[in-house]
Amino acid sequence: TKTKKKKIIIHHTAESLVKIKTTEDEQKVLQAIYKYHTFSNAWGDIGYNYIIGPSGKIYDGRAWWPDAIGAHASWNNSESVGIALMGNFEIEEPTKEQITSLQNILVAVAHKYKINPYVDVTYHKFDAKLPSPYIRDLILDSIVWHTDVGNTACPGENLYKLLPNLKEYVAIQLGYIKPTL
């Protein structure tokens with residue numbers, strides 16, 4: 001059964017951009033992510049659907065087969081597409097090339113799945129303060145950061161602050177209008 005994609009969740013991979021100078025370096029990082037996700041985490045593949053290198057090159061993670069379900073945000077994978085940017089945006093800024101590619105892939109994915117960035121959807125987040133099963137439902141926009149749905153700093157403050165502009169860009173490109181109250 002196909003699950004309709006309704007959400008986009010954005011991540012960072014947490015490697016320092018200082019060590020990623022060439023597309024060959026990007027490919028080495030991609031191989032390290034593959035090994036970590038596949039062997040250490042036993043996910044069978046890279047957890048993200050797409051990964052964006054500092055050069056702006058977009059790499060397929062789990063995206064290469066139709067309706068691929070990622071392993072990037074617990075309890076939210078089946079209805080979401082996970083996009084990660086190489087880098088640690090707690091301490092670094094994303095490159096201009098990464099932001100341009102992120103804009104492009106957001107528009108492409110939102111268009112493919114008819115995702116309006118301003119539509120509210122249900123997410124699930126672990127909350128140890130709750131009684132079992134410890135999962136809290138959240139209503140958020142259809143494009144969010146990993147930290148919004150997971151107990152993590154991902155994608156880092158320097159990327160997090162860009163979300164309103166990214167959602168607006170997608171909405172403008174696809175002709176969606178932000179709802180007014």
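**Close-up views: sheet, helix and pocket**

**View 1. Strands 2 and 3 at the sheet.** Strand 2 (residues 50-52) pairs with strand 3 in the antiparallel sense, over three bridges. Two strands count as paired if DSSP finds at least two bridges between them. Y50 has D60 in strand 3 as its bridge partner. This is a predicted model: local features need pLDDT of at least 70, side-chain atom pairs count only at pLDDT 80 or more, and totals for chains, interfaces and linings use all residues. Residues are numbered from 1 along each chain as its sequence is written, and side-chain values use heavy atoms, without hydrogens and water.

View 2. Five strands run in the order 3-2-4-1-7, with mixed pairing. Strand 3 (58-60) and strand 7 (143-145) stand at the edges with a single partner strand each, so one side of each has no neighbour in the sheet. Strands (E, at least two residues) and helices (H or I, at least four) are DSSP runs, numbered from the N terminus.

**View 3. Helix 2 on the sheet.** Helix 2 (residues 96-113) packs on the sheet and touches strand 1 (7-12), strand 2, strand 3, strand 4 (80-85) and strand 7. Contact means heavy atoms within 4.5 Å.

**View 4. The largest pocket.** Lining residues have an atom within 4 Å of a point on a 1 Å grid over the protein atoms alone; a pocket is an open set of points where a 1.4 Å probe fits, with protein on both sides within 12 Å along at least five of seven lines. The largest pocket is lined by 18 residues; H37, W43, Y48, A71 and H72 lie nearest its centre. Helix 1 gives the largest share of this lining, three residues.

Conventions
Axes are lines fitted to C-alpha atoms, for helices over the stretch in contact, and angles run from 0 to 180 degrees between N-to-C directions.
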